[in-house]
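Open the structure in your viewer and keep the selection tool at hand. The stops below go from the whole chain to single side chains.

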Amino acid sequence: MKERDAAFFRPLWRRVAVTAVCAGWAALELFGRDSMWIAITVGLTAYSVWSFFISFPKDAPPAPGQPPKITGDQDVPPSA
């Protein structure tokens, strides 16, 4: 996943929404029993689960418009 993609998908709700849409589409195709589209949509759902939850970079940059993540190092005053 590219850095700009990881930044866009940093908020959890976006990753959940995309995965839920893929899973809903797969369920719709299962109901319609079209084997080619079942395979495609189940594959998309599996890929989104893998990309967004299993192998998603933990140190992805913040999404555009969000402040950078602050660690405890900035809280320590400089020593004289």
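A contact here means heavy atoms within 4.5 Å. Among contacts in the protein between residues at least 6 apart in sequence, 63% join residues at least 24 apart. This is a predicted model, where local features need pLDDT of at least 70 and side-chain atom pairs count only at pLDDT 80 or more, while totals for chains, interfaces and linings use all residues. Residues are numbered from 1 along each chain as its sequence is written, and side-chain values use heavy atoms, with hydrogens and water left out.

Start with the cartoon view. The protein has three helices and zero strands, taken as DSSP runs (helices H or I, at least four residues; strands E, at least two) numbered from the N terminus.

Next, select Phe 9 and Phe 52. Rings of Phe, Tyr and Trp (its six-membered ring) pair if their centres lie within 6.5 Å; planes under 30 degrees apart count as stacked, over 60 as edge-to-face and the rest as tilted. By this rule there are three aromatic pairs. Phe 9 and Phe 52 make a tilted one, with 4.6 Å centre to centre and 40 degrees between the planes. Phe 9 is in the loop between helix H1 (3-8) and helix H2 (12-32), and Phe 52 is in helix H3 (residues 35-54), 43 residues apart.

Finally, select Arg 14. Its charged end sits over the ring of Phe 8, 4.3 Å from the ring centre (CZ of Arg or NZ of Lys within 6 Å of the ring centre and within 35 degrees of the ring normal). The charged end of Arg 15 sits over the ring of Phe 56, 4.3 Å from its centre.
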